[in-house]
Amino acid sequence: MKPLTNSSNISVLLGAAFLMATSSIGPGFMLQTAAFTSEYKADFGFAIAISVIFSIIAQLNVWTIISVSRMRGQDIANKILPGLGYVVAFLIALGGLAFNIGNIGGASMGLHIILGIDATTAAAISGIIGIALFASPKIGGALDMTAKVLGTVMIVLIGWIAFSTHPPVQEAMTHTVMPDTYPWLATLTLIGGTVGGYITFSGGHRLIDSNITGEEHLPDVRKSAFLGMSVDALVRVLLFLAVLGVVSSGFVLDPKDPAGSAFLLGAGPIGYIIFGVVFFCAAITSVVGAAYTSVSFLKTLFSVVKAYEKLTIMLFIAVSTCILIFIGKPAALLILAGSINGLILPITLAVMLIATRKTNIVGTYKHPTLLYYAGWCVVLITAYIGITSLEGITKLLH
């Protein structure tokens, strides 16, 4: 199996990695990280570590099966049990819509901070920007470039804030391994926001659209999946350290805007402007990822969606924008959507693992035993955490 050498293919692999990473690094990602760091302090490092390990296992399993089978998640599910693919597609598209309402809200908030324009106008502009990105005749190239450029901007800016707040790194490392309390709901929420719902499949579906599939491309596909999780983990750790530096200094975050207040308290007015830029970048890349992946789950099931894929994606973003403008603010919806997506993860991952034993899906391919059983461990543990955390998730509704 030879690795890809064509520069355009390598660009797609990087784009798929950043698409997955930036799909998960949205407004909810930042709100979750800031709120949970404020609540659990250094112990939140444990939740990050567990979520990263689980997420890598989930990503490697899902991307591998998608690549080997050359089929999208919903088609694999339908092969295992006719009709299951429709259920999975519905759940993921619904979760993607919920996320996208929050993503548009986040982009709106970012523009408001940067430019001072009112929330409604900012939301409309954010929706238009998201729609415009899909107006390009080369959707794939626009997706890849947007994800890579804005992802890099976020890493640099959050890294600077983390350096500025002087976080207690040694304490964070100690509590990551030996926490005083075990934040299980936070862990489930992180897993859901990192690889739950549509996020797990975003990069894998992007590779299918670019015809980078098959056993011969598995080494490259797995490297891309691992890179995506590495980018996600890096941003999560930098943001955690930035907020930890602030709360460890005795500051109390604004519960209505924990992430923004952390940047403001940590680096002053300039820090708050930087927060606006990061929040907008995080939101708009997630708008792109959620819309693209949600529609990719529908296009092989409904011929009209396949025929008008680009228009469907634009409509998906337009509907998200209208719901935000006319119905209300998505604050609790973001954390709630992450938690619910964490409940969806055991279902979708279990489907992928069952597929590894179906010759009509993977042919003669032999899935690594360690990866297979590690995947089932993630399924069982996340299902257990999800069930035991239902009470906490219900509270988020109130």
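Predicted model: local features only at pLDDT ≥ 70, side-chain atom pairs only at ≥ 80, totals over all residues.
Biologist: Okay, cysteines. Is Cys322 buried or partly exposed?

Modeller: Cys281 makes a handy contrast, as its relative accessible area of 4% makes it buried. Cys322 comes out at 39% relative accessibility, so it counts as partly exposed.

Biologist: And how many disulfides does a search of the whole structure find?

Modeller: To count as a disulfide, two cysteine sulfur atoms must be within 2.5 Å. Run that search over the whole structure and the number of disulfides is zero.

Biologist: Now helix H11. How far does it reach from its first C-alpha to its last?

Modeller: Helices here are DSSP runs (H or I, at least four residues; strands are E, at least two), numbered from the N terminus. H11 covers residues 218-247, which is 30 residues.

Biologist: How many of the 30 residues of H11 are buried?

Modeller: H11 is largely enclosed by the rest of the structure, and the reason is its count of buried residues. Out of 30, that count is 22.

Biologist: Is Asn211 exposed or buried?

Modeller: Arg70 has a relative accessible area of 47%, so it is partly exposed. The value for Asn211 is 63%, so Asn211 is exposed.

Biologist: Which side chain makes a polar contact with the side chain of Thr213?

Modeller: Thr213 is in the loop between H10 and H11, and at 9% relative accessible area it is buried. A polar contact is a pair of N or O atoms within 3.5 Å; within protein, one must be able to donate a hydrogen and the other to accept it, and residues adjacent in sequence count only if both atoms are side-chain atoms. Thr213 touches (heavy atoms within 4.5 Å) Ser67, Arg70, Leu207 and Ile208, leaving out residues up to four places away in sequence. At 3.3 Å, its polar partner is the side chain of Arg70.

Biologist: On to charges. How far apart are the closest N and O atoms of Arg72 and Asp209?

Modeller: A salt bridge needs a side-chain nitrogen of Lys or Arg within 4 Å of a carboxyl oxygen of Asp or Glu, and the count comes to four. Arg72 and Asp209 form one of them. The two residues are 137 apart in the chain, with Arg72 in the loop between H3 and H4 and Asp209 in helix H10. Their closest N and O atoms are separated by 2.2 Å.

Biologist: And which residue meets Glu309 in a salt bridge?

Modeller: The partner is a lysine that also meets Asp209, at 3.2 Å from N to O. That lysine is in the loop between helix H12 (258-296) and helix H13 (303-307), and at 9% relative accessibility it counts as buried. Its N-to-O distance to Glu309 is 3.1 Å, and its name is Lys299.

Biologist: Which four residues are linked in a network of salt bridges?

Modeller: Asp209 bonds with Arg72 and with Lys299. Lys299 carries the chain of links on to Glu309. The network is therefore Arg72, Asp209, Lys299 and Glu309.

Biologist: Last one: what separates the C-alpha atoms of Leu111 and Ile273?

Modeller: Leu111 lies in helix H5 (residues 84-115) and is buried, at 9% relative accessible area. Its contacts include Ile117 and Phe280. Along the chain, Leu111 and Ile273 are 162 residues apart, yet their C-alpha atoms are separated by 9.9 Å.

Definitions and conventions: Residues numbered from 1 in each chain as written. Heavy atoms only, no water. Buried < 20%, exposed > 50% of the residue type's maximum accessible area, 1.4 Å probe, protein only. Expected span 1.5 Å × (residues − 1).
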